[in-house]
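Here is a short report on one protein model.

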Amino acid sequence: MLRLATAGSVDDGKSTLIGRLLYDTKSVFTDQLESVERASRDRGDDYVNLALLTDGLRAEREQGITIDVAYRYFATPRRKFIVADTPGHVQYTRNMVTGASTADLALILVDARKGLLEQSRRHAFLSTLLHVPHLVLCVNKMDLVGYSEQVFERIRAEFTEFAAKLDIGDLTVIPVSALLGDNLVSRSAAMPWYEGPSLLHHLENVHVASDRNLIDVRFPVQYVIRPQSEQYRDYRGYAGQVAAGVLKAGDEVMVLPSGFTSTIRSIETADGEVAEAFPSMSVTIRLTDELDISRGDMICRVNNAPAVTQDVDAMVCWMDDAPLRPGQKFAIKHTTRTARAMVKDLQYRLDVNSLHRDLGAEYLGLNDIGRVRLRTTQPLLCDEYKRNRYTGGFVLIDEATHRTVGAGMVNEAR
């Protein structure tokens, strides 16, 4: 399974690229295609606008833009894919953060005519901030610049220079034409100078298994299973999703925040007992000892535990119209644990275009990103985000409106 998110500036062709991938991989049903053809005629388009496969909202089709994150699914004989089509407008940065937060790979699109724009840099930086392991730069609309190798090389050199300032582990640059399908599913004869893979070939073969953290065992307890029936009178299991590491029967484990230790008796799924569990399996763990464990607790290794702390330094992407200021209080949702948090300090606001830190910032506005210090009412069991995206990420919730107002990434827990 590969999760990927598109990113880039407005009108760079993100939705068209996804629509073309779906069409060329035979992932579009006949009635869907007929609906898109009809909508294209109604709009006055002189071609089948495949972007309409993902841009389904009325406002999106009227303006020809993406507003909300659209998820699409397709598969090839080699791999299954989940695609998040994210918007390119500055005011929808929060939507892009939402779509890319769980992605294994980010597709950054650049219009070959316009080159690297401010929003292209912004989304590339956000992808690295969210620690998306793999980045693909698609230089789109190559047909409109005569499939020029010089244009492609200029954009590649400019982006590579910018990427040197960022923490990018794996970068691939591919020239494409989303509208005509060049270099999407198969190599294009129009660009004989390009010797790399097509986009789909790269997506099918990119190695993501090593991106998972299989060292630090992290199992946030989501639910305690106590059937209280005649058949399972003494059954006690702890259900949840493995966030990191490998768990096996017989392993010695520790439960946080209590610190009590025990041994795994068995690991079970809906299909029965399994020998081991790894990310992102949903399992039920049974222990040899009767311990007081509830939702929000975490099972980990005895000598490899997350930080147990009420003071957290984190990068926060602010998603609300009302600004974030020091002294405000919110509900915080971290793994399966919910607590209350107060913003103790705003250390700086980050300019994602220049990477400049504004140390004198007094608030974070909509779509701003900054580093804050939080104090929580209950200890959080967290790792640094760069080490574990699941146990290092959290959301802030307005207790009055119950809206998610911020997404955070733990920098330091002490």
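## Terms and model

On a 1 Å grid over the protein atoms alone, a pocket is an open set of points with protein on both sides within 12 Å along at least five of seven lines; a cavity is a set where a 1.4 Å probe fits but cannot get out; lining residues have an atom within 4 Å of a point. Grid points are joined across faces, edges and corners, and a volume is the space filled by probe spheres set on the points.

The model is predicted: local features need pLDDT of at least 70, side-chain atom pairs count only at pLDDT 80 or more, and totals for chains, interfaces and linings use all residues. Residues are numbered from 1 along each chain as its sequence is written, and side-chain values use heavy atoms, without hydrogens and water.

## Largest pocket

The largest pocket holds about 1400 Å³ of space. Its lining has 40 residues, and Ser101, Thr102, Asp104, Arg389 and Tyr390 lie nearest the centre.

Helices (H or I, at least four residues) and strands (E, at least two) are DSSP runs, numbered from the N terminus. At least two lining residues come from each of α4 (93-100), β18 (329-334), β22 (393-397) and β23 (404-413). β23 gives the largest share, 4 residues.

## Cavity

The whole structure has 1 cavity of 30 Å³ or more. The largest cavity has a volume of about 40 Å³. Among its lining residues are Arg3, Tyr71, Gly99 and Thr102. Thr102 also lies among the residues nearest the centre of the largest pocket. β3 (80-85) and β1 (2-8) each supply at least two residues of the cavity lining. The largest share, 3 residues, is from β3.

## Nonpolar cores

A nonpolar core is a set of buried Ala, Val, Leu, Ile, Met, Phe, Trp, Tyr and Cys residues joined through side-chain atoms within 4.5 Å. Buried means under 20% relative accessible area (1.4 Å probe, protein chains only). The largest core has 67 residues, with the most inside contacts made by Leu17, Leu107 and Leu199. Domain 1 (2-211) and domain 3 (307-410) both contribute, so this core lies between them; the bounds come from an automatic or database domain assignment. A second, separate core of 21 residues includes Leu324 and Phe394.

## Helix α1

In helix α1 (residues 14-24), 9 of the 11 residues are buried, so the rest of the structure largely encloses this helix. Leu17 is one of the buried residues. Beyond its neighbours within four places in sequence, Leu17 is in contact (heavy atoms within 4.5 Å) with residues including Leu107, Cys138, Val176 and Leu199. Just after α1, Lys26 has a positive phi of about 60°.

How values were computed: Buried < 20%, exposed > 50% of the residue type's maximum accessible area, 1.4 Å probe, protein only.
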